[in-house]
Amino acid sequence: MAKSWQQQLKNALSGDHSKTLQTQEDYSQQAAKLFRPVVTDEVINAIQKQPYTGALSNQFLPTSAETEDHPDFTSDPVGDHNALADQGIIHKYHGRVLLVASGSCAVNCRYCFRRHFPYHKHLASRHNWQAVIDYLSAHTEVHEVILSGGDPLTLTTSSLQSLTDQLTKLNHIKTLRIHSRIPTVLPDRIDKPLMDWLDRLRFHKVLVTHINHADELTDNAINSLNKLKQHNVTLLNQSVLLKSVNDDVDTLIKLSYALFNNGVLPYYLHLFDRVQNAAHFEVDISQAKLIYEGMRRKLPGYLLPKMVQEVAGQTAKTPVN
């Protein structure tokens, strides 16, 4: 009998599946203690089925490089703490508010800029969204609510609905944006109850996926993206430029076409956020510019993501020219 998405998530969070990664030579128990590995069946299967390139395992495998501290890297590289406006509410940008809706992810990306974020202190409560509603009621200039985390789709559909039922009453909220890696790493989560919830929403619906390499687009992942597209969800993708994962012109061009072939538009290509214990992922900015120029020469404009970096304290993403 097939496991429910809830059971798959529970198994991933338990750490059992990460034992499969421990068979790889570079696995570091010390790094795993610093940031617990979380991996789903879908990702494990993709790693095992596809020819080994490191593009997937490097994103989720704790290695000894993570145990090194670097003076130029911090625990809060994007300035989340200074932008906390209320419990679980990050307000950096004009017209948009981000909710830290969940502290859990179905996978723990080893380069995550929130790998040190104290979720236990700064989480919007799914049991009582009132603080969120009160804040948004007082800020009528906000027209877009972004659900992030963690991964907001680790919440139950009923929890999500309890929030959006209240958001619906705020006429100035026009767009609901969800940042999630779930469609590719836990595709079974994109189920009928979730689709029914999305269908009932009056908002513009945007889902920003996080896909760094075309190998992440398994058959199951593609199926989940197709479901979302069929239910009038605008699909965008943001990638992070990562050493030994996708720091190659042809790899990123292949990703852009693979995304487009499955109804997703490339949106952002982020420079790596300089989070402590993940310095080995950083691509030198001069090399990043060369890679991007190679993409620009070969891709049509609509498939060229904006290359940006997030600078703490800035009120918008900073283009990398």
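Mentor: The following account begins with a pair of helices and then moves to the sheet and the loops.

This is a predicted model, in which local features need pLDDT of at least 70 and side-chain atom pairs count only at pLDDT 80 or more, while totals for chains, interfaces and linings use all residues. Residues are numbered from 1 along each chain as its sequence is written, and side-chain values use heavy atoms, with hydrogens and water left out.

Helix H13 covers residues 285-298 and packs against helix H12, residues 249-261, at an angle of about 50 degrees, the axes being 9 Å apart. Helices (H or I, at least four residues) and strands (E, at least two) are DSSP runs, numbered from the N terminus. Axes are lines fitted to C-alpha atoms, for helices over the stretch in contact, and angles run from 0 to 180 degrees between N-to-C directions. The angle therefore makes H12 oblique to H13, a term for what remains once angles under 35 degrees (roughly parallel), over 145 (roughly antiparallel) and 65 to 115 (roughly perpendicular) are set aside.

On the side of H12, the contact (heavy atoms within 4.5 Å) is made by Val249, Asp250, Leu252, Ile253 and Tyr257, and on the side of H13 by Ile291, Gly294, Met295 and Lys298. These residues divide into 6 nonpolar, 1 polar and 2 charged; Ala, Val, Leu, Ile, Met, Phe, Trp, Tyr, Cys and Pro count as nonpolar, Asp, Glu, Lys and Arg as charged, and the others, Gly among them, as polar.

H13 also lies across strand S8 (265-270) and strand S9 (306-309), running at about 160 degrees to S9. The open sheet has 10 strands in the order S1-S2-S3-S4-S5-S6-S7-S8-S9-S10, with mixed pairing; two strands pair if DSSP finds at least two bridges between them. Strand S1 (84-86) and strand S10 (318-319) are at the edges with a single partner strand each, so one side of each has no neighbour in the sheet.

The loop between S8 and H13 contains Asn277. Its phi is near 80 degrees, a positive value in a residue other than glycine. Asn277 counts as buried, at 7% relative accessibility. Asn232, in the loop between helix H11 (219-230) and strand S7 (234-240), has a positive phi too, near 60 degrees. Asn232 is exposed, with a relative accessible area of 63%. Buried means under 20% relative accessible area, exposed over 50%, and partly exposed in between (1.4 Å probe, protein chains only).
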